[in-house]
Amino acid sequence: MGETLDINGPIVTVRLPGVMNGEQVRIGALGLVGEVIGREGDRAIVQVYESTESLRPGEKVEALGHPLTVELGPGLLGQIFDGVQRPLRGLVEQGGDYIARGLSLPPLDRDKAWRFVPSSDLTPGMTLAAGTVLGTVQENPTLSHHILVPPDVEGELIDLVGAGDYTLEQMIARVRDRTGMPRELRLYHRWPVRVPRPYRRRDPAGEPLLTGQRVLDTFFPLLKGGKAAVPGPFGVGKTMVQQQIARWSNVHVVIYVGCGERGNELVDILETFPKLTDPYSGRSLMERTLLVANTSNMPVVAREASIYVGVTLAEYFRDQGYDVVVVADSTSRWAEALREVAGRLGQMPVEEGYPAYLASRLAAFYERAGRVETLAGTTGSITLIGAVSPPGGDFSEPVTSHTKDIIQTFWALSKELADARHYPAVGWADSFSAYVGAAASWWAEHVDPAWAERRAAALGLLTEADELAHIVNLVGPEALSPEQRWVLESASLIREGVLQQSALDPVDSFSSPEKQFVLLDLILEIHDQGRKLITLGLPVQQLLGLPLLGRAQRLKGTYGSDQVPSLRDFVQEIRAAFEPFYRDYGRGEGEPTPRAAPGGSFRRGKRE
Amino acid sequence: MREKEYRSVSAARGGLLFMRGVPGVALGDRVQVRDQRNRRRDGQVIRTSHEVVLIQVFEGTEGLDPERTWVRFLDRPFEVMLSPALLGRIFNGIGQPRDGRPPVIAALQRNVSGAPVNPAVRAYPREFIQTGISTIDGLNSLVRGQKLPIFSGSGLPHNRLIAQIVRQAKLPAEEQSRFAVVFAALGISHDDARFFRESFETSGVLQNVVMFINLADDPPIERLILPRTALTVAEYLAFDLDHHVLVVLSDMTHYAEALREVATAKGDVPARKGYPGYLYSDLAEIYERAGRIKGRRGSITMVPVVSMPSDDITHPIPDLTGYITEGQIVLSRELHNQGIYPPVTIPPSLSRLMKDGIGKDYTREDHPRVASQLYASYARALDVRNLASIIGAEELTEHDRRSLAFAEAFEQRFVNQGEEEDRAILETLSLAWELLSRLPPEALSRVTEADLARFHRGPSAVDEAP
Ligand SMILES: Nc1ncnc2c1ncn2[C@@H]1O[C@H](COP(=O)(O)OP(=O)(O)OP(=O)(O)O)[C@@H](O)[C@H]1O
Ligand SMILES: [Mg+2]
């Protein structure tokens, strides 16, 4: 038992001999929980997860004997937790509409019984490695929860219960560990959030994470197990990009970490996801989703913890052999929490008030992404996507620039595009993906061999058009050749007809890989035909007035992902529109014939 | 309550009192400070240990002599009295009457710091509020429970705009009696305060307004607690008494400046432009108190004014505000100088909650697409205008000339409207189509073919346009 000495916002100095760094402590009459972040003699510095208002020097402090841990077991999905994994719905029952202080509740329901089916290949006497699957619980119709031997336990199986209904606190197996001590295993275990969970081997990132967003999947792809950042000034669409990913990604589990952002954005998910169906399982999206919420008005220290809570939950599902995506909105708010604590500790700021360890903490966090061979020998992945909120939209600030060095896919959101309501406002000039090569082989195999070439052609047109627009702004459009005028028009077709994709359009919110490819292919087809005709002498003005162009821009909202064959038929309309010109201007040499209809063996619902 | 007065002030500067040897003081507690001339000030404990207690004094520390300053610890936090009798009254930042009438006595009092609403009980704001202003209703709709700031600048008519919103934002008749305004004045001028009072009076809502006033010549540190007092009252009106409360905070820039002043005196590490790193969290504690709660009838809709220092939207105050609020209405000096009222500049303005508060169930089915189209067409037209300023309008293509004419008409007829002009949403939408019809259908890719068939006024409209 110790004593509170000094209270400085969320940072409290206590006298508590023998407490460990990282250990949890409980402070004062209210029972506020915090974490030791520094020690000096018999004094310890504690960061407190709740508001310290009304706390007094002299109040008692108690060490809890363990670091910040999360509970891992059935009942996680569909939940909303706060930054230290308190169940927010449960807190309502205890404390009402406002989050009262000092409440403590177990994250997982202790009363609910789960149907546990033991693995059939386990027999008493066997040696169980850490991570072995003891059995399964069908957590909900979407996900079968694998109950694992915790990563820090291994040894001889003494006994394992038969199939039946068990609550979380009931024993389901006993294992004699190295020291000869029997360990009781339950449906859940705990794990410290700041320690990455072990795995057998790290594998290179795998197949594409398909988000259904054309500018992401087709132009700046991300792979399962990869790391990505979405930076941008306020209001340009970071949250919407992340919500779209949470909705449509081809993964088994989605963990959405609302880190220092708006309460209403979480409500939006809580209200809409249960009604939306997962395009892969056909089930309610909420069944594969879990929220960690520390909104901007909630205590800043718990915000710092929230991303670790989120990624540890992700590791747990990864260890069961699942593909998990974690979206963290926003890592800048996490960094600011770090900064605030560092400032109160009087640590030397290096850039814009941030402590020197910002870069290494960020890197260590993103390192928890990856595709691995789990302890059980299966493959699981964590894809990490962090929003970055640079002050004033300045990408050279510390959090954005350090993040940029760490991640492989960078979706740079542009204010100019957002101002014109071009969403997703992913700027093609500043964004990049280091995964294009790997993604290309997947697209070639599953959708169309020409993917890489068509993608490059489109990006080439967009870049060329940006340069031309620059010239136009200096000397006017008259300086452009007809071919160049056509490039400008084609780029605008790509922007409006392919890149621009409203999350709110029910037809176009999700775009299957085939739809993505066919749409791009058709629009490039228009470009190719037009260019050919211009070289044959057709005045570019005649092309610019074609009603076909308006129709082409609206294709995306006309045909859903289940109508790709009809979309493909648009090629007839393209031919018909150009045919009269060919009649007048001849066909010339090597007419670009429309490409053979795209192959496409991608099946919806396919998920390895 | 500790009756004892302590005289152990060791230093008084920058709005802060440093005290020695007052053990066991609780963080956040209210104190009363008495100076040598027996005048009272109010303060709050912002750091505490057995050895040192740090107090922030709302009236500032000017003229305080540490030797002759007495401090009494009230042993409780800052609280505000809550009762329906608050309506129609005027208070200062800590809830003391400023209207010459007696203090409100009530059984119910609450800590002004509030507590965060549990995200699990929030209700998503969806009900469209018609303000009668086309740039807001048509393009950046406000919904009940939203926090939508006005980014303005010195000399721009944000006050007139807010007054117009208060006047025109009518609720359905059966709910009209449940409309209330909480007005928090932070460092505004006497004239502006009077303007608001009069405009509340003319719109007939004065009996339903609670005002918290700190004027430009009042002590700045009081601004740190004023919004919290005001919002505690707003929460009471909304969630205890079922009112639909509109909270106006004007001007949050003065709030942030006061925060910087105290932070500097405390020696906090600055992040940008001298503002402390916790400015974001601090502002969020205020702004996030807007919203709706499941199972409660009332709502808090918040319209803060943020004046952008040097018209710079990337300045930390508007910037961090934009990162917290659900959009922003941005006023432009350029439009204002052209005589356009309200001078709302469309490209950077945004309402994030609009997407769920408009359309078939709330306004009209084509509304979301029309809004997106107006944004896109206007953005394009602004590019053309830029181009024209370089190469001259004569050099423009016919298509570009149409675009230019569209921008003119859009600013003069859609953006511009009378201060007394109350446009119904259908009027706004019809005006939108009238303007869009000046552009050929091929140029309108954000709307559907069905929209075009139904609302576009056809090629003749395009041709008639200059
Ligand atoms: N893909 C999209 N489709 C349609 N609308 C979009 C899309 N992306 C963004 N928007 C619009 O832009 C608004 C702002 O987007 P969002 O909230 O995601 O911005 P943000 O970058 O997360 O901002 P902040 O940093 O302030 O949180 C949305 O409310 C929506 O109106
Ligand atoms: Mg966001």
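Colleague: Which element gives the most to the shell around ligand 1?
Modeller: Keep in mind that this is a predicted model. The elements that put two or more residues into that shell are α3 (238-248) of chain A and α7 (316-324) of chain B. The one that gives the most, with 3 residues, is α3(A).

Colleague: And why is the site of ligand 1 shared between chains?
Modeller: Look at who comes nearest among the 19 residues around the ligand: Lys238(A), Thr239(A), Met240(A), Arg262(A) and Arg352(B). The site is shared because the residues surrounding ligand 1 come from chains A and B.

Colleague: How far is an oxygen atom of ligand 1 from an N or O atom in the side chain of Lys238(A)?
Modeller: Let's go through a few polar contacts, where a pair of N or O atoms has to be within 3.5 Å. A backbone N or O atom of Gly237(A) sits 2.9 Å from a ligand oxygen, and a side-chain N or O atom of Arg262(A) is 2.8 Å from one. For the side chain of Lys238(A), the distance is 2.6 Å.

Colleague: How much of ligand 1 does the protein bury?
Modeller: Start with the ligand on its own, where it exposes 630 Å². Of that area, the protein buries 95%.

Colleague: How many residues in the shell around ligand 1 are nonpolar?
Modeller: Sort the shell by class and you get 5 charged residues and 6 polar ones. The nonpolar count is 8.

Colleague: Moving to α4 of chain A, how many of its residues are buried?
Modeller: This helix spans residues 263-272 and is mostly covered. Buried here means under 20% relative accessible area, and residues that pass include Gly263(A), Glu265(A) and Leu270(A). Out of its 10 residues, the buried count is 8.

Colleague: Where in chain B is the cis peptide bond that involves Asp251(B)?
Modeller: Most peptide bonds are trans. In chain A, the bond from Asp329(A) to Ser330(A) is cis, with omega near 10°, and Ser330(A) lies in the loop between β22 and α6. In chain B, a cis bond with omega about 15° joins Ser250(B) and Asp251(B). Asp251(B) itself is in the loop between β17 (244-250) and α5 (252-266).

Colleague: Is Asp75(B) buried, exposed or partly exposed?
Modeller: Asp75(B) is in strand β7 of chain B, and its phi is positive, near 60°, though it isn't a glycine. Since its relative accessibility is 33%, Asp75(B) counts as partly exposed.

Colleague: What is the phi of Lys273(B)?
Modeller: Most residues other than glycine have a negative phi. Lys273(B), in the loop between β18 and β19 of chain B, is not a glycine, yet its phi is positive, at about 50°.

Definitions and conventions. Residues are numbered from 1 along each chain as its sequence is written. Chains are lettered from A and ligands numbered from 1 in the order in which they are written. This is a predicted model: local features need pLDDT of at least 70, side-chain atom pairs count only at pLDDT 80 or more; totals for chains, interfaces and linings use all residues. Side-chain values use heavy atoms; hydrogens and water are left out. Buried means under 20% relative accessible area, exposed over 50%, partly exposed in between (1.4 Å probe, protein chains only). Helices (H or I, at least four residues) and strands (E, at least two) are DSSP runs, numbered from the N terminus. A residue is near a molecule or strand if one of its heavy atoms lies within 4 Å of it. A polar contact is a pair of N or O atoms within 3.5 Å; within protein, one must be able to donate a hydrogen and the other to accept it, and residues adjacent in sequence count only if both atoms are side-chain atoms. Accessible areas come from the Shrake-Rupley method with a 1.4 Å probe; for residues, only the protein chains shown count as cover. Ala, Val, Leu, Ile, Met, Phe, Trp, Tyr, Cys and Pro count as nonpolar, Asp, Glu, Lys and Arg as charged, and the others, Gly among them, as polar.
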